[in-house]
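Please look at the sequence and the model before reading on.

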Amino acid sequence: MIDWDVAVNTGVRLVRPGPQVDLSDARQAVAQLRELSTVAAGHVRDFTGMNPLEPAGPAAVVDRPGWIRANVDGFRVVIEPVLEQMGADRLNNSPAGNLTSAVGSRITGMQLGAMLSYLAGKVLGQYELFLPPGPDGAVSTGRLTLVAPNIVNAEREMDVDPRDFRLWVCLHEETHRMQFTATPWLRGYVQGLMQELLLSSDMNAGDLIDRLRAAGEAVADAVRGGGETSLITAIQSPEQSEIMDRVTAVMSLAEGHGDYVMDAVGPEVVPTVATIRARFQKRRESVNPLDRIMRQLLGMDMKMRQYEEGAAFVRAVVADVGMAEFNKVWTSPETLPTLEEIRNPHTWVARVVRPAAITE
């Protein structure tokens, strides 16, 4: 269905180059980011009270093409088992399978590569949750990756202290690493949701036409500047929307927790954190018309809401019951907040932290 080599080659060919940096400055930035990721790990551990079950080690620092290659590898880890589970007959006989066959795996690869080429210029860092098995066949729990040219470009545009900004970014990304290395079931839970979402994509010809029409309307709305529909939500079935709510809930928790920790730890170790946050928020909100369209279509505006709603959830719960009680959120899939609870934190507290006593 997807030519992965074409995806990589397309993305690497289309991605814009990063900022001009002297070789010595580039090496210094890479070395400092690796160092600060280790420093940030200690701050995150002390602040959250979470304990990783494996050593962290320094982050992997990559350029934009490196980020594209890593994400294609991640897509393969998630999608290829799903394709095997769906089976050749289902793919060949379904409208979606026929459409993909007609368009061709190379075009699908080009589409994926083009999307990644755009995103590669935006991402500062990420915790790569899905990695190919190592040489010994062992499955890695994940890898913290920082995109050096994007971090350098952002700190220049905002005119902020480079070391402070780099540590601030590392605090957010190290929080993600802590979430998954201290909570061993979380990776499998997220992967299960993603595969469930993909496996629920069976549809008849009428459904396919309706969703293509909805996707077209989403593009038109984005170009006109009206509406909030992304391509992701436009093509979802009701079943997929329910699964997507669960995905959104867990991602809102993860992203909001990262934002909360980076700002809460900041004043102690990042002297200019208030300036950085103010300028970073302004930068998020100041986008050109093309970026506005792309952000809406790719669901990036939805991700921004995840940051905001998730951070508000964490702040409210920690203020109400403290960090130790908040950490019950990581106990099991059942203690994760629903999307409704993300938006109404007291309902999560009532269900998980202060459940009503059962009387006979």
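## Cores, helices and strands

The largest nonpolar core contains 61 residues, and those with the most contacts inside it are F165, W168, L171, L253, F313, F326 and W348. Such a core is a set of buried Ala, Val, Leu, Ile, Met, Phe, Trp, Tyr and Cys residues joined through side-chain atoms within 4.5 Å. Helix 11 (residues 238-269) supplies the largest share of this core, ten residues. Apart from it lies another core, of 16 residues, including A7, I79, L112 and L116. In soluble globular proteins, nonpolar side chains tend to be buried together.

The model is a predicted one, in which local features need pLDDT of at least 70 and side-chain atom pairs count only at pLDDT 80 or more, while totals for chains, interfaces and linings use all residues. Residues are numbered from 1 along each chain as its sequence is written, and side-chain values use heavy atoms, with hydrogens and water left out.

Helices (H or I, at least four residues) and strands (E, at least two) are DSSP runs, numbered from the N terminus. Helix 6 (residues 148-158) and helix 12 (residues 273-285) pack at an angle of about 105°, and their axes are 10 Å apart. Helix 6 is therefore roughly perpendicular to helix 12, a term for angles of 65 to 115 degrees. Axes are lines fitted to C-alpha atoms, for helices over the stretch in contact, and angles run from 0 to 180 degrees between N-to-C directions. N153, A154, E157 and M158 of helix 6 make the contact with R279, F280 and R283 of helix 12.

Contact means heavy atoms within 4.5 Å.

| Residue | Residues in contact (heavy atoms within 4.5 Å) |
|---|---|
| L171 | A40, H43, V44, M262, V265, G266, V269 and V270 |
| R166 | Q28, A29, Q32, L33, L36, I151, V152 and E155 |

R166 has its place in helix 7 and is buried, with a relative accessible area of 5%. Buried means under 20% relative accessible area, exposed over 50%, and partly exposed in between (1.4 Å probe, protein chains only). D159, in the loop between helix 6 and helix 7 (162-181), is exposed, with a relative accessible area of 60%. Phi of D159 is near 55°, a positive value in a residue other than glycine.

Strand 2 (residues 125-128) is covered on both faces, with G125 and Y127 buried on one side and Q126 and E128 buried on the other. Strand 2 pairs with strand 3 (residues 143-147) in the antiparallel sense over four bridges; pairing requires at least two DSSP bridges between two strands. The bridge partner of Q126 in strand 3 is T145.

Terms used:
Angles under 35 degrees count as roughly parallel, over 145 as roughly antiparallel, 65 to 115 as roughly perpendicular and the rest as oblique. Lists of a residue's contacts leave out its neighbours within four places in sequence.
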